[in-house]
Structures are given as C-alpha cells and as structure tokens.
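Please keep the sequence and the structure in view while reading.

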Amino acid sequence: MIKVYNTLNKRKEEFVPLREGKVSMYVCGPTVYNLIHIGNARPMIVFDTVRRYLEHKGYQVNYVSNFTDVDDKIIKKAIEEQTSAQEVSERYIAECEKDMAGMNVRPATVHPRATQEIGGMIEMIGTLIEKGFAYKAEDGTVYFRTRKFGEYGKLSHKNLDDLRSGERSLLVSGEDQKEDPLDFVLWKPKKDGEPYWEAPWCLGRPGWHIECSVMAKRYLGPEIDIHAGGEDLIFPHHENEIAQSECCNGVPFAHYWMHNAFLNIDNRKMSKSLGNFFTVREISEKYDLQVLRFFMLSAHYRSPLNFSADLMESSRAALERLVNAVDNLTFLARNAKDEPMSEAEEALLAEARAFTDKFDEAMDDDFNTADAQAVLFDLVRFANSNVTGENSRAFIVEVKKVITTLGDILGLILEKKQEVLDDEIEALIEERQAARKARNFARADEIRDQLAAMGIQLLDTREGVKWKRN
Ligand code: AMP
Ligand code: ZN
C-alpha cells in the first residue's frame, strides 16, 4: 500500500487512484526565462522518481508538466535582448530539456505551453464569469471573486479572515479596480510591447494561475489524482488553481497535493531573486548530473535540503561505489561459467530479491528515497560478499539486474557506459564500406545501426566517411 502525504489534509493517506491501474499527475513546471537552477531541479527529480515508482508498481502514469512561456520576467528579458518573448522562451525550453536529460528526468507524457492554450483559458474564464465566480473591471481586467468560493484556503489552511487582516499585501499596484483585495487576476489588458491575444474582455494576456487549471483539465480531465510542485506554490498558486478548477468544473480538482521542501543554501531558499543560486548547467561542468540526482534523493522530499560542496562530494563517492559494484558484476559475468544456477545460488538470489521488498517498503512510505538509497547500499554490500568469479553467469546476471532495476526506479544509471575504442569503430566503418561496394546494403545498414547504438554518428563527406561521437 502506497502512502502519500497530502498537503490538503496534512497527513499521510493511502493512495487510491480514481481509475484502477491509472494515475493522472500534474506537476507545475518552470517559467522559462533563464537556465534552470538546482532549486527548480528538485521538484523535477523528486516527481520524476514518484512517477517511476508508480510505474514500477504497475500503474500507467499520465504525467503532465507545463512550461510557463508568457510572464513578466520573460517579457522583460526579451525587451533587454531586443528579441521576442517567444524566442526567449523557446531558447530556455530547449536548454531546460537538455538539463532534464542530463539528470535522467524523463520527458512528461505532455509538456504543454501556456501560449498554446490561450483558447482554453478564455473558455474557462468565460465559464467562471457566467457562473458569477469572476467579473470584468472597467479597464478590462478579469478577476476571480475569491469570497464566492467558500472553500478558499483549504489547501494552505488559511482562513479568509486571517487573509483579510493581511490583505494590504495582496494589493498589487494597478489592481485597484478589484471588488476585494483577495480577488486575483484571470486576464489582464495588454501593455505596450507585450505579447497579447484577443479575448471578449480586452486585448491582453492571462494571469499566471489559470494556465495550470486549463492544461490539467485538457490533458488529464477535471478531476485528477496527483498535483505537485514546490511548497512555495501552495499559496497562492495552488490555492487559486483549486478555486478556478472547482468553481468551473464542479468536482474536486486533485485528490493528492504533494509539495517538495526547498533546496537551501546557507539555510536560505535558493532562488533567482535572492541571487544565491547555481544553475544545473554550472553543476554539470563539475559533476555528472547523476551525482546531483543522487544528492537530491538523499533526503526525503518534504525535508529541506541544504546544498554544499561537501555533500556533493560525498554523493559523488557514494554513487561511484554503486557504479563500481555493478561494473564488477559485469566483469564477473563476462568471465563466468555457462552453467545452470545451483540450488545454493537460487537461495541467494531469493535473498537478493528480498531487498526489493525493503526498497518498496521505504518508497511506499511517502516515497522515502533516503531509506530506499540505504537499501540499495545494503544490497550492494550483499552482492559484494556473496558473488564471486566461481558463480554461474545466470546467477551473476540476475543479481546485477536486481541492483540496476532498483537504481532505475530512482533514475540512477548504475551501468558504466561501454567505452568504444576508435579502432573498433574504424574497423566497423571499413566493413560497412566493403559491404556497400559489394551491394550488401542490408549488412551496411546493420553496421550503421550498430554504430548509432554505440553513439557514433557517420558523416558522408567529400573526403570519405567521417565519424563523431554524439
Ligand atoms: P518557478 O520557475 O520559480 O515557477 O519554479 C519552478 C518549480 O521549482 C516550482 O515547483 C517551484 O516551487 C520550484 N522551486 C523553485 N525554487 C526552489 C527551491 N529553492 N527548492 C525547491 N523547489 C524550488
Ligand atoms: Zn501551476
């Protein structure tokens, strides 16, 4: 039984999806105006791991994560660089995808972009106005009528009266036509030089919160299993998403709300605005990004995690121990006897497989990756002391599989990349040329595919065939 800590009810609850065997999951993605920093990487790694674990448990996961590609910061950057907001966001989406690949964060089932969902946003805002949950002010701004939604505050556990006492801080300049300081923007009129769309209320652009309500509904339906993001999103972003979605759709929006704690530096939140951040790209210059992933998973996702060079160093060393152990098994298997597994080996393999149950126990408990990593180390210790060159290949291969499978659930690639020597590549290329000459195209294609699988790209040039590593 998987237990998930649900921010909505402030306790761990049994995870029961709406549809048997299927999970719908929405994770708020980054605003793309810069390279992502390692604070942004925390939810990416954490919720990618949640997804992997749910899949390991047999669920089919529909995972949606957006890119916020229209926003004040993107527009500001575009103006500074004398280019368009679209050019800025496309550039940083591409960079973000590179970082995600480096961290072995799998692409979502769908990565919708706000600017491509404006039609849906206009429709939802229209419905909210029709139902009396939103209104247009004189200047064309559309606001959500917060007080009309009696359950407002249920996620952040704030009540409207407390909010009212702090309401001055909720007033943003230029929003003085609100009926009430707690109301928030759904649509706002365009300003000079900004991207805008046509809507029944005015030419303009959406407020931030509406995009997630719309994209979650479009790709996952009005009622979803899991909604996730960093804890700074609980209020107001997720609170506002709930208000919009539930007032529009009339059903509960998300059943489980999951929030990761902050990645800190010197015990303060790492953030662009404080300027105390490292980009994922900077870290990748010093470390394999697998080390960053290992580091992020070394703490429970709801505990604050302090970034330090020391912790990165110990993560690097720990990951290396796992990789070396797997490499040793690869070596032993290569030279092992081709014999059926002995009874004693069968028994040992069952013991090795039992570690999977312990691993699952840790992950079932609100995705405790720190404990799951500890189980992985216990398993490696077990393998180091029980597998030798005397064992059958079948046994060694199976033990190795138990380790790499658990690694894979955490998104850690424990198998060393096979080093391919230049000589081997050149011999294959020569063979391919000979095959082509002999009009044996099937063989030539086969070699090309084999090289591609090794990460070798062939380039036909005037001087003959050249190659490069991808
Ligand atoms: P943003 O681009 O600021 O909207 O952030 C994208 C995601 O990163 C959100 O889920 C944030 O909550 C999360 N995030 C931003 N900074 C941190 C941090 N220092 N630690 C953990 N998560 C963060
Ligand atoms: Zn969101």
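Predicted model: local features only at pLDDT ≥ 70, side-chain atom pairs only at ≥ 80, totals over all residues.

Between domain 1 and domain 2 an area of about 1,100 Å² is buried, and 57% of this area lies on carbon and sulfur atoms.

| Domain | Residues |
|---|---|
| domain 1 | 3-260 |
| domain 2 | 310-409 |
| domain 3 | 423-469 |

The contact between domain 1 and domain 2 takes 11 residues from domain 1 and nine residues from domain 2, while the centres of these two domains, taken over C-alpha atoms, are separated by 40 Å.

**The zinc site**

Which residues coordinate the zinc ion (ligand 2)? The ion is held by Cys-28 and Cys-212 through their SG atoms, by His-237 through NE2 and by Glu-241 through OE, at 2.0 to 2.6 Å. Along the chain, these donors follow the spacing C-x183-C-x24-H-x3-E. Cys-212 in helix α6 (residues 210-220) and Glu-241 in helix α7 are 29 residues apart, and this pair links distant parts of the chain. Both Cys-212 and Glu-241 are buried.

Why is the arrangement around the zinc ion (ligand 2) irregular? The four donor atoms subtend angles of 72 to 127°, whereas a tetrahedral assignment would need all angles to lie between 85 and 135 degrees.

Helix α7, which spans residues 234-249, is mostly covered, with 14 of its 16 residues buried. After α7 comes Gly-250, which has a positive phi, near 70°.

Another glycine, Gly-207, is found in the loop between β8 (204-206) and α6. Gly-207 counts as buried because its relative accessibility is 6%, and the cut-off for that term is under 20%. Leaving aside residues up to four places away in sequence, Gly-207 touches Val-185, Leu-186 and Trp-187. Between Gly-207 and Met-312 there are 38 Å in space, C-alpha to C-alpha, and the two are 105 residues apart in sequence.

Conventions:
Residues numbered from 1 in each chain as written. Chains lettered and ligands numbered in written order. Heavy atoms only, no water. Buried < 20%, exposed > 50% of the residue type's maximum accessible area, 1.4 Å probe, protein only. Helix = DSSP H or I, 4+ residues; strand = E, 2+ residues; numbered from the N terminus. Donors = N, O, S within 2.8 Å, 3.2 Å for Na, K, Ca; no water. Tetrahedral: all angles 85-135°; square planar, octahedral: opposite > 155°, others 65-115°. Domains from an automatic or database assignment. Contact = heavy atoms within 4.5 Å. Buried area = accessible area lost by both parts, 1.4 Å probe.
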